[in-house]
Amino acid sequence: MNLLTVENISKSYGELVLFSNISFGINKDQKIALIAKNGSGKTSILNIISGKDTTETGQVTSRKGIKIAFLEQEPNLNPDLTIEETIFSTDNEVLKIITAYEKAVQNPDEEEQYQKAFEAMERHNAWDFETRYKQILFKLNLEKLDVKVGTLSGGQKKRLALANALLNKPDLLILDEPTNHLDLEMIEWLEAYFTKENITLFMVTHDRYFLERVCNEIIELDNNQLYSYKGNYSYYLREKEARMEREAVEQHKSKLLFKKELDWMRRQPKARTTKSKSRIDDFKEIKHKAHQRRIEHQVQLELNMERLGSKILELHNISKSFDDKTILEKFDYNFTKGERLGIIGQNGTGKSTFLNIITQKETVDGGKVVVGDTLKFGYYTQKGIHSKEGQKVIDVIREFGDYIPLKKGRQISAQQLLERFLFDRKKQYDFVEKLSGGERKRLYLCTVLIQNPNFLILDEPTNDLDIVTLNVLESFLLDFPGCLIVVSHDRYFMDKIVDHLFIFRGNGIIEDFPGNYSDYRAYESSKVIADREAKSNNTEKAEKTNWKEKGNSQKLSYSEQKEHKQLEKEIQKLEEKKGVLQNKFTDPNLSVEEITQLSIGLKEISNSIETKTERWFELSAILEG
């Protein structure tokens, strides 16, 4: 069933044409991702189909009566309301049903009105709405319901807007970078939620694991052409590569035909017959095709790094607190050459504070930070770039110099560097305020790397960067010979880049885990199994010891007790299978087909674990009661 149709829409700003005459449709239960380079107009497309902006040509038509919700990057919320008041102030159908039911209860004489209200509560499963919205807010780390929206951070506002969108259960949910401002635990919960729920999605996201596990269709906007791929991210990669090969063959044929026709044109420049005129017209079309060039920008980051000395960075008994909140407590660590560290942890556990301490932007309460004499930080923060009013892109780079050194004694100009960062000569003279969010982040990344650091710190570098830029950045970081610290919620990025992790648990607890993110998740899953087994063994011992005392208080039937024990064994086996599959993802030699099959298998196992675990908890609650 078609929910929304986009026909020949266009958008431009002055001479800059973002896209023109593009068309596509969204059908019920599709989970579609839109992929395009930064500055191609992805957010503009979302704004147009959600009704927040208008198209210059064509139209957007939606099915009559459907509910559309749009999660923007910067949601507009009433700052004077609390979190809970924000939930209840929305145009939510379930809330209206609850209000009607409460009104009917107050008027018991109106039996027909009460019956209708009761049936509506049953039909929309409205009885557990309060539990549902509190569970979602808890998962999104918004438990303090009486906090005013005006005091929330940008990330908290984004999560509150996400909670509202999920609770409203729209027919079509439009999402602009939904995983931004979510920590890894929240992303995995949201991923599982979208995978399980029958919900129609249209989203822009750079999270490649999210694309792999949630989406069943990908639309790519490339050089003002839309290409549709009926599958997940692995399928998209495979089919795009095949398309590129076909286009290369067609390009070669066009060039050969062009040479042939050019020879004919030179011999008969004044041909006037109808056949000749037609051939001349065809020649123009052939010439256009033959001279087309796919602009596939490849950033070649070959900056020359300053030498690191024997002493790099040492942390001795570092302590840091804010009021009664402990961030670090007598923390010791010495960084070594070529170290590649990832940092993960829930929001508010002190990850950014830790980075500010080691770069000495933040003072410590106790202990000492020792920085090596040859150490030169490159610090990419979440705050982004600060440009002056009326400043052009090229001027931002030239503040750091007109030339920078490359390897083997070469150098590169500021203009050439910008071209390598996907800014063509025309774009370099645009005002910075005209850049998209992703382009500004790319420019900021350029300003950090141009300073030639040997210790690179990246705090959420993947936010707002397109997949093309992410692939380029990953290639550079794999070759970067200096020290590297990355804080990121992008699991794919972390798996590819880091060798070990600092896990910030909160209350000053930091664990050093020897592996990447997928290794860590597999390890955590094995811990869950061990805890479950320990609990099961304790329960069995208690049953054997106290069976006489319990008498008839046991609430589980014999078959349910058997089911409870069988579930434990089944869940354990599934967790082991899941761990094996997750470890296989780290193999760099996997083909696209193998990745696809592994993803399908992992999704099936995860769904089965979730279903069986819910039943296990249900039976456990009865058993313990």
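What lies between strand 1 and strand 2, and which residue in the turn has a positive phi? The two strands form a hairpin with two residues between them, and glycine 14 in the turn has a positive phi of about 65°. This is a predicted model, in which local features need pLDDT of at least 70 and side-chain atom pairs count only at pLDDT 80 or more, while totals for chains, interfaces and linings use all residues. Residues are numbered from 1 along each chain as its sequence is written, and side-chain values use heavy atoms, with hydrogens and water left out. Helices (H or I, at least four residues) and strands (E, at least two) are DSSP runs, numbered from the N terminus.

Strand 1 (residues 2-13) pairs with strand 2 (residues 16-27) over eight bridges, and isoleucine 9 stands opposite isoleucine 22 in strand 2. On the strand 4 side (residues 59-62), four bridges do the joining, with valine 6 opposite valine 60.

Axes here are lines fitted to C-alpha atoms, for helices over the stretch in contact, and angles run from 0 to 180 degrees between N-to-C directions. Seven of the nine residues of helix 1 (residues 42-50) are buried, so the rest of the structure largely encloses it. Buried means under 20% relative accessible area, exposed over 50%, and partly exposed in between (1.4 Å probe, protein chains only). Lys42 and Asn47 are among the buried residues, as are Ile45, Leu46 and Ile48. After the helix comes glycine 51, with a positive phi near 90°.

Glutamine 30 sits in the loop between strand 2 and strand 3 (31-35), and it counts as buried at 12% relative accessibility. Neighbours within four places in sequence aside, glutamine 30 is in contact (heavy atoms within 4.5 Å) with Gly25, Ile199, Thr200, Leu201, Asn216, Glu217 and Lys230.

Moving on to the helix pairs, the axes of helix 3 and helix 4 (residues 111-123) come within 9 Å and cross at roughly 145°. This crossing is left-handed, meaning that the near helix is turned anticlockwise from the far one by less than a right angle; clockwise makes a crossing right-handed. By class, the contact has 11 nonpolar, one polar and no charged residues. Ala, Val, Leu, Ile, Met, Phe, Trp, Tyr, Cys and Pro count as nonpolar, Asp, Glu, Lys and Arg as charged, and the others, Gly among them, as polar.

The axes of helix 5 and helix 6 come within 10 Å and cross at roughly 145°, in a right-handed sense. Phe129, Arg132, Tyr133, Ile136 and Leu137 of helix 5 meet Leu160, Ala163, Leu166 and Leu167 of helix 6. That contact has eight nonpolar, no polar and one charged residues. The buried residues of helix 5 (residues 129-139) are Phe129, Arg132, Tyr133, Ile136 and Leu137. Down the helix axis they fall within an arc of 130°, so they line one face; the arc is that of the directions from the axis to the C-beta atoms. Asparagine 141, with a positive phi near 60°, follows helix 5.

Note on methods: Pairing = 2+ DSSP bridges.
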